[in-house]
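Hi everyone, thanks for coming. I'd like to walk you through one model today, so please have a look at it first.

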Amino acid sequence: MARVLMVITGADSLVLTDGSVHPTGFWAEEVAASHKVFVEAGVDVDFATPGGVRATPDKGSLVAPFDEYLDSIADALAKPLVLREVSFGDYDAIYFPGGHGPMTDLAEDKDVARLLRAAVDQGKIVGSLCHGQAALLSTAVDGEFAFVGKRPTVFSDTEELKGGTGEKTPYFLETRLRELGAIVEVGAPWSDTVVADGTLITGQNPQSSVDTANHVVAALR
């Protein structure tokens with residue numbers, strides 16, 4: 001049976017450019033819809049967070065049916081693995097749901113970078129959604145970036161300005177990934193857009209959650 005490590009942000013806030021603190025966390029739909037797809041396909045899923053902290057859902061995302069699904073897996077969410085203790089050799093894929101939280105912690109986490117480099121080196125699947133692509137930034141060290149020339153999609157700058165944290169966003173993921181050498185492909189705002197480039201499978205936004213997870217399942221098969 002295939003195994004997926006779902007790495008969820010442990011952050012519950014994002015500091016904006018004006019110094020204000022924006023409450024956030026993970027986006028409920030991206031965790032719930034993805035997890036449901038994986039489980040229904042017979043895939044084992046382990047949750048992990050930095051420090052093994054209990055992940056906080058963004059309150060703005062707690063709507064039916066996703067809040068109800070999170071309630072159904074509350075025990076597993078309450079006891080995530082400690083990221084630094086995880087060996088990627090135990091998994092077939094790593095998967096990053098979004099929410100603005102990853103921009104705070106996963107983007108700079110050394111264990112995220114370690115796991116991503118292991119996935120790339122081993123030719124295993126890297127799946128990510130929306131702001132989860134902030135995790136890819138963790139591999140940008142000393143002028144090197146593990147995803148140079150790769151084709152991800154991501155929550156677009158247009159979406160960020162229109163429906164995200166707007167002009168006060170501390171950095172824009174689409175722009176940052178392009179600056180590092182990724183070939184970013186984005187669809188229309190709020191469209192269900194998934195881009196698969198070899199073992200890198202990314203979805204643009206919450207609307208892409210189910211299709212992104214389905215692409216990962218197909219790749220696992």
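So, where does proline 65 lie? Proline 65 is in the loop between strand E4 (44–49) and helix H2 (66–72). The peptide bond leading from alanine 64 into proline 65 is cis, with omega near 0°.

A quick word on ground rules. This is a predicted model, where local features need pLDDT of at least 70 and side-chain atom pairs count only at pLDDT 80 or more, while totals for chains, interfaces and linings use all residues. Residues are numbered from 1 along each chain as its sequence is written, and side-chain values use heavy atoms, with hydrogens and water left out.

Let's go inside. In soluble globular proteins, nonpolar side chains tend to be buried together. Here, the largest nonpolar core has 33 residues. A nonpolar core is a set of buried Ala, Val, Leu, Ile, Met, Phe, Trp, Tyr and Cys residues joined through side-chain atoms within 4.5 Å. Buried means under 20% relative accessible area, exposed means over 50%, and partly exposed is in between, using a 1.4 Å probe and protein chains only. The residues with the most contacts inside this core are Leu5, Ile94, Phe96, Leu116 and Leu177. Strand E1 (3–7), strand E6 (93–96), helix H4 (110–122) and helix H6 (173–180) each give it two or more residues, and H4 has the largest share, five residues. Apart from this core there's another one, of 30 residues, with Met6 and Val37 among them.

Now look at H6. Its buried residues are Leu173, Glu174 and Leu177. Seen down the helix axis, they fall within an arc of 100°, so they line one face of H6; that arc is taken from the directions from the axis to the C-beta atoms. Those buried residues pack against H5.

Leucine 136 counts as buried because its relative accessibility is 0%. Aspartate 142 sits in the loop between E7 and H5 as well, but aspartate 142 is exposed, at 76%. Its phi is positive, near 55°, and it isn't a glycine.

Next, the pocket. What is the volume of the largest pocket? About 210 Å³, where volume is the space filled by probe spheres set on grid points joined across faces, edges and corners. A pocket, on a 1 Å grid over the protein atoms alone, is an open set of points where a 1.4 Å probe fits, with protein on both sides within 12 Å along at least five of seven lines, and lining residues have an atom within 4 Å of a point. This pocket has 13 lining residues, and Trp27, His100, His131, Phe155 and Gly163 lie nearest its centre.

Let's finish on histidine 131, in the loop between strand E7 (125–129) and helix H5 (157–163). Histidine 131 counts as buried because its relative accessibility is 3%. Beyond its neighbours within four places in sequence, histidine 131 has contacts (heavy atoms within 4.5 Å) that include His100, Phe155 and Leu173.

Definitions and conventions:
Helices (H or I, at least four residues) and strands (E, at least two) are DSSP runs, numbered from the N terminus.
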